[in-house]
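My notes follow in the order I made them.

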Amino acid sequence: MRTPLLDLKRCQIKINSTVLLDDFSFHVNNGEVLSIMGPSGCGKSTLLGYLSGTLSHDFIATGQIELDGKPIQQLNTIKRKVGILYQSPLLFPHMTNLENLLFATPSNKNTSHKERVEMAMGKLNELGLETKAHELPEVLSGGQQARIALLRALLAEPQYLLLDEPFSKLDPELRQSVRSFTLEQIQKANIPTVLVTHDMEDAQAMQSKIITLQTQN
Amino acid sequence: MIKYFVAGCLATSFLAFAETPPPWGETLKDAEKQTVYWNAWGGADNINAYIDWVAKRVKEDYKITLKHVKLADTADAVSRVLAEKAAGNDTNGSIDLIWINGENFRTLKNNNLLFGPFSNNLPNYRYVDESSRTSLTQDFGTKVDGMESPWGAAQVIFMHDTEILVEPPKSIPSLLDYAKKNPGRITYPEPPQFLGTTFLKQALIELTNHPEKLSAPVSDANFTLVTEPLWAYLDELHPVAWRQGSSFPSGAEQMMRLLDDQEIDIALSFDVSAASVQIEQGNLPDTVRSYVFENGTIGNTHFVAIPYNSASTAGAQVVADFLLSPEAQLKKQHPTTWGDLSVLTFNRLPKKYQTAFNDLPRGVATLSIESLGKSLPEPHGSWVEALEKEWRKRYSR
Amino acid sequence: MVNRLYQAAINMPLLYISAISLTLLLLVPIIIGLAGTILPAFNYLPALAHMEFGLTPWRSLLAAPELMGSIKLTLVSGLLATMISFVLAFSLVAVLYQTRWMSSIRHSLAPILAIPHAAIAIGMVFLLSPSGWIVRLLSPWLTGYERPPTWVSVQDAYGLSLVLALVVKETPFLLFVILSSLPQLKPQALLQVGASMGYPPLTVWRKVILPALYPLIRFPLLIVLAFSLTVVDLTLVIGPNSPSTFAVTLFHWFTDVDLERRFTASAGAVLLMAIILLSALAWELFYRVFIYFDRKRWGNGKRHTNAYLFFKTGAYLYLGNMGIALLSLLVLPIWAFTHRWRFPDILPSEWSLKKIQQLAPILVELACASLLIAVVSSLISIAISLVMLEQKRCCSTVTQWFDRLICWPMLLPQVGFLFGIQVFFIWSDVNGTVFAVLALHTLYVLPYVYLTLSAPYLSFNQQYYTQAICVTHSPARSYFLIKLAMLKPILWSAFALGVAVSFAQYLPTLIAGEGRINTLTTEAVALAASGDRKKVGNMAMLQALFPLLIFMLAQWLPYSWTKYRLTLKSTLKKGALKKTQPIK
């Protein structure tokens, strides 16, 4: 049995006096995807905000998030080492594709600038986009942008990944290939992943466990 | 440019000279219901209030509507007349009366842009004795020739706060000595503001080795030779002047404000009653007193003139005449009204007004006619431009 | 395109003709102003009997002793002020974005922008001069000064006080521009993406948002630059005077008795346009060079930048700036009600209403003139904007020239351009009339009103209007009672902005009004440096007060109007019922 890597314990989220989530727990293993589904307003995005540490102060959240057995809910986003992908790829429009990837690549004393460039170029090679390295993201198709955004998130070496409807804005014919690419990369990076979606196909394609939330009344 | 003006104006001015002036009664009749736009410097509230009083009186007596167009600088009005001439507006100018003297008068007169001669025909001109002051007929060396009517007389005075400065310097050289001992406390208004230019002239008169050259046009003199001591003086003064000579006050009002703030120690004004008026208004401490230099200070006469293209020349003449009336001159010299010296000659006045002038109170800080001492004549008008140009060349950078 | 124009002309002939005439009406003063500047610069002005082209004006310009000094001062103050304003405004956003502070600062922006800059500058002179309020507050207990110090803190030869005044004026404007452009970049999402990769917010602002934001605010920055290089009134109030900036030197030449100076001044005005163009190019070049080197840093992977302290200092300086603006506005009414206030007293020793009573007639006259000009020119601008925008909604090809021309008045230096128009005014004998003043004010109010109304007007859901027509069968009634009524809040904001812009105009009033038509601004500026502080205090106080009041009215009225109307209606109804009951 593998150790549960991302563990959410007895989470409760309230806004004013409305309880959005109550006594909610789950665990996700390395390289595994957990899909959270449910109608809009059920608290999916709020939960993601809690997991990423970007929840607005209007919400009151209790419970424990453990990563590798250590509680992280007190840490801010910057220290949590979390990768996030949104509906839009949010590639920085003024930076070239390579610069976008370099932005994420960590720098430390042991890696030279050259090594970092090689690392980022390697990722572009994987996508067959090495010729677009010095062009702006706007020249890429939606699917290509989504892939670069995923690689950028992973280059920052996150310990877990949160996906907020990352496929919903893609054309249907592209969706399948981006889904499988994403799953491939998650398994390669071997980190726990939480996917928020309202599309059952997304959840199934990611071979995930599924939790369906209900609207609290 | 000048050629153009001369060509354009000769015809009209010949006509004006050829005509004999209409009788005064007719002028009064023409003046009724006219609107007179009087362009006059509007920087002092007491003067503006006096002009408002004039407007009220000419409305009552002559049914003339007098509008005060407040100027920051009389040169603005002069340039407007020039611009109107250029634009071919020869009959319906925007200005009917200008408060004027010196350089501005010379510009308008030389370009034939004035209505007249008219001043000698004004009924109240009989109280003026032209021999009492040279500046009544020679406005900064330019012949008046009846093209402007005298309004008031002015003399440069200096002001100091007796609490701070007990024995003020009473000559141009001692002013420099004082500045060297007290850096940053002496200044003068920036030329070409007229008080600033007057300060240059005052200094020039005291410093030059060729004072006799100043009464003739500047072109007759060796400018460099005559003015050399002045520039040497200013070169020494500026480093120890207020704000190290990097900027200068814009006129008498700002100088008095700086005197009140104790930023500077000496202010000057062309208005002999300035100190009293400002003390009364709470703008100066009551320890401020006026004084003049040992060898005298510059004095001059100021006038009103009528542009050639005024549509209300009759109304403008009636206003000019009213300004010359003993009643208006008396009120003007009253220290709390304005305190500007009368241009009328005392012994030509009716008895009633002689007594009234004698009874005028003087403010605490106003000098008597005797203590004002000798009034130095203005240099020829052409010096103004030459001095301003040289000053600008040397210090405007 | 011809086809579409044809269609537009056929469908709404009246609107089409109005739009075309308005475009021409905007084009005419721009052409006259430019021709009236450029032709005299080459010695050609038939009105003044100069019939032959020549280079005399340029020769006398080059020989002018103030030339180099004043150009240097202009460049230094203009570029420095623009740069500092941008840095401060951006730093503040970077440091305080998404905090509660930011929303209160956001609310403070509009009133600050409504207050004419001359009023603040006048207050700054009262505040910062060696005998000013700050030194008074600290003397003699701290500084030991019994008399004001001799240092030069306003009108200094380097123009630093001018730079400060410009920065105080421009930072709120740039802050406003930045805050309204930011949503396009989704800064919140960018900050989260950055945070997920371990980047603290300030680094994201520095590496991601700053370079992405710049292209969005390039044009407003150029307007700020052009303004800073050419401003006259602010410089007259707080700038150095021997020499002053190039624009003020030109202003003095244009108003010189000697008409020949006008030609030199025209040549100078052409040079000033070249200076604006070159400064804009230099600014852009500097940006390119900066980005070229900065690019390397974006991808270096470092999560912390040394810009931290820089941003924080900038943000504090912005707050300091607003403090200065606030104190400057506070000192105006104090002076207005002073009888005696001598250095180093912290407050006046004697207060009095004498000055304001004495000035009452002139203050009322000036305030009425200012208000009349501001209200009428704003209303004209709103009417023109509505016509143009309605045409733009129907067929934007018709208005593309108008859209291009509308920004010219903001970019062209007023000194020069306006004197070019003045010759035309004098020639057509309208100079010194209310009409001429209104025309020039409208020229400067219109761009602001038009740009403010544009987006909300064009994004109005036209289906409301279609619905209304179906019901009322009257296009005019539907337009006024439904479309304009629903656009009420933005119409009021545009009106308030128009009034504020008109109140701030100095040169247009001075040039078209010929000294016959004066406003609070022309009087206050003319007296600022020299005049009686009590008088200036009164004028500047009113000058600040009116736009502020109208701004507050514009905020309050559109929202309470509907409520008020309903209450009124229901009371009337009740009254009517009571009356009818006895007859029953």
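**Entry 1: chain A against chain C**

I began with the contact between chains A and C, which takes 25 residues from chain A and 19 residues from chain C. I count two residues as in contact if their C-beta atoms, placed from the backbone, lie within 7 Å. On the side of chain A that touches chain C, α2 (77-80), β6 (82-85), α3 (97-104) and α4 (113-127) of chain A each supply at least two residues. Helices (H or I, at least four residues) and strands (E, at least two) are DSSP runs, numbered from the N terminus. α3(A) gives the most to this side, with four residues. I sorted the residues of the side of chain A that touches chain C into 15 nonpolar, eight polar and two charged. Here Ala, Val, Leu, Ile, Met, Phe, Trp, Tyr, Cys and Pro count as nonpolar, Asp, Glu, Lys and Arg as charged, and the others, Gly among them, as polar.

A note on the source: this is a predicted model, in which local features need pLDDT of at least 70 and side-chain atom pairs count only at pLDDT 80 or more, while totals for chains, interfaces and linings use all residues. Residues are numbered from 1 along each chain as its sequence is written, and chains are lettered from A and ligands numbered from 1 in the order in which they are written.

**Entry 2: chain B against chain C**

Which chains have the most contacts among the two pairs that touch? They are chains B and C. I find 47 residues from chain B and 44 residues from chain C in their contact. On the side of chain B that touches chain C, at least two residues each come from β2 (65-71), α4 (74-86), α5 (102-110), α9 (252-260) and α15 (382-395) of chain B. The largest share of this side, nine residues, is from α4(B). The residues of the side of chain B that touches chain C divide into 16 nonpolar, 16 polar and 15 charged.

I also checked chain A against chain B: no contact joins them, and their closest C-alpha atoms lie 45 Å apart.

**Entry 3: α9(B)**

I went back to α9(B) to see how enclosed it is. Nine of the nine residues of α9(B) are buried, so this helix is largely enclosed by the rest of the structure. A residue is buried if 20 or more other C-beta atoms lie within 10 Å of its own, exposed if 12 or fewer, and partly exposed in between, with C-beta atoms placed from the backbone. The buried residues of α9(B) include E253(B), R257(B) and D260(B). After α9(B) comes Q262(B), whose phi is positive, near 65°.

**Entry 4: two helix pairs**

In chain B, helix α2 (residues 24-31) packs on helix α11 (residues 313-324) at an angle of about 110°, with their axes 7 Å apart. Axes are lines fitted to C-alpha atoms, for helices over the stretch in contact, and angles run from 0 to 180 degrees between N-to-C directions. α2(B) and α11(B) are therefore roughly perpendicular to each other, the term for angles of 65 to 115 degrees. T27(B), L28(B), D30(B) and A31(B) in α2(B) meet A314(B), G315(B), Q317(B) and V318(B) in α11(B). I sorted the residues of this contact into four nonpolar, three polar and one charged.

In chain C, helix α2 (residues 13-41) and helix α18 (residues 414-427) pack at an angle of about 100°, with their axes 7 Å apart. That makes α2(C) roughly perpendicular to α18(C). The residues making the contact include P29(C), I32(C) and L34(C) of α2(C) and F417(C), L418(C) and F424(C) of α18(C). The contact of α2(C) with α18(C) divides into 10 nonpolar, five polar and no charged residues.

**Entry 5: single residues**

I30(C) touches L405(C) and W408(C), not counting residues up to four places away in sequence.

D235(B) lies in helix α8 (residues 223-237) of chain B. D235(B) has 12 C-beta neighbours inside 10 Å and so counts as exposed.

Technical notes: Parallel < 35°, antiparallel > 145°, perpendicular 65-115°, else oblique.
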